[in-house]
Amino acid sequence: MTRSTRPALTAVAVLVAAAVLAGCTTTVAGNPGADPAPTPTEGPGSDPVAWADRLCGAVMSFAVPATTPPAIPPGADLPTVKGAVSDYLGTVLNGVQQGRSQLGSIGRSPVQGGNDAVGRAQSALEFLEQDFTGAKTAVDAADPNNPESVMAALNQAQSTFDAITPPNPLADLSATPRLQKAAERATQCQQLSALSATAPR
């Protein structure tokens with residue numbers, strides 16, 4: 001991703017606490033049974049790992065296409081370059097919109113502070129949608145037979161890339177110890193961390 005993206009989580013061991021019941025002196029008649037109440041899928045009591053995975057997965061919808069450069073063959077003419085950049089911008093824009101949709105259905109955080117991370121990611125993706133829409137509109141409107149027009153649009157697109165501030169859920173989750181540990185176990189967060197570490201700065 002961009003220079004502003006920094007991998008925010010470090011690998012730490014996850015402590016597993018074993019609950020041991022001892023010294024019970026009262027005998028309770030009957031057979032043990034499962035709690036009839038289902039485990040919540042969101043909010044307090046829900047799985048923080050699954051929730052963090054959904055948050056990082058939403059951002060991955062943008063991050064993967066954004067860090068996959070357009071395929072431009074060597075010696076391509078300006079119309080070909082314009083088409084490749086337009087396709088790239090369209091793919092990134094689609095990823096941004098998918099990410100926003102996924103964030104809208106992520107559900108309440110199981111831990112205090114998580115909902116703020118979702119809000120910041122939503123806000124960042126909203127601005128990215130505007131930026132990439134503007135860049136794609138300019139590229140699509142450029143006259144392929146006018147080199148100056150195409151170059152101006154490509155320069156605008158490059159300026160958009162250089163100025164973006166992508167969402168950084170890893171940093172937001174690291175502010176809460178329980179969510180940080182959940183992110184370390186979440187597959188999508190691990191992949192986002194690896195992508196951030198290897199993306200050009």
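In this predicted model, R108 has a relative accessible area of 47% and is therefore partly exposed, since that class covers values between 20% and 50%. E42, at 31% relative accessibility, counts as partly exposed as well. These two residues form a salt bridge in which the closest N and O atoms are 3.8 Å apart, a distance that falls within the 4 Å cut-off for such a pair. Because R108 lies in the loop between α2 (78-104) and α3, while E42 lies in the segment before α1, the pair ties together parts that are 66 residues apart in sequence.

The structure holds 4 salt bridges, and another of them joins the side chains of R120 and D172, with an N to O distance of 3.2 Å. This pair links distant parts of the chain, as R120 belongs to helix α3 and D172 to helix α5 (residues 169-174), 52 residues apart. D140 is partly exposed, at 37% relative accessibility.

Helix α3 (residues 114-141) also packs with helix α1 (residues 48-66), at an angle of about 10 degrees and with the axes 11 Å apart. With that angle, α1 is roughly parallel to α3, because angles under 35 degrees are placed in that class. On the α1 side the contact is made by W51, L55 and F62, and on the α3 side the residues include A117, V118, L125 and F132. The residues of this contact divide into 9 nonpolar, 2 polar and no charged.

A66 also has its place in helix α1, and beyond residues up to four places away in sequence it touches Y88 and V92. A66 and P166 are 100 residues apart in sequence, yet their C-alpha atoms are 9.9 Å apart in space.

For the chain as a whole, there are 7 helices and 0 strands. Residues 24 or more positions apart account for 78% of the contacts with a separation of 6 or more. Of the 201 residues, 38% count as buried, and the accessible surface comes to about 11,300 Å², of which 55% belongs to carbon and sulfur atoms.

Methods:
Residues are numbered from 1 along each chain as its sequence is written. This is a predicted model: local features need pLDDT of at least 70, side-chain atom pairs count only at pLDDT 80 or more; totals for chains, interfaces and linings use all residues. Side-chain values use heavy atoms; hydrogens and water are left out. Helices (H or I, at least four residues) and strands (E, at least two) are DSSP runs, numbered from the N terminus. Buried means under 20% relative accessible area, exposed over 50%, partly exposed in between (1.4 Å probe, protein chains only). Contact means heavy atoms within 4.5 Å. Accessible areas come from the Shrake-Rupley method with a 1.4 Å probe; for residues, only the protein chains shown count as cover. Axes are lines fitted to C-alpha atoms, for helices over the stretch in contact, and angles run from 0 to 180 degrees between N-to-C directions. Angles under 35 degrees count as roughly parallel, over 145 as roughly antiparallel, 65 to 115 as roughly perpendicular and the rest as oblique. Ala, Val, Leu, Ile, Met, Phe, Trp, Tyr, Cys and Pro count as nonpolar, Asp, Glu, Lys and Arg as charged, and the others, Gly among them, as polar.
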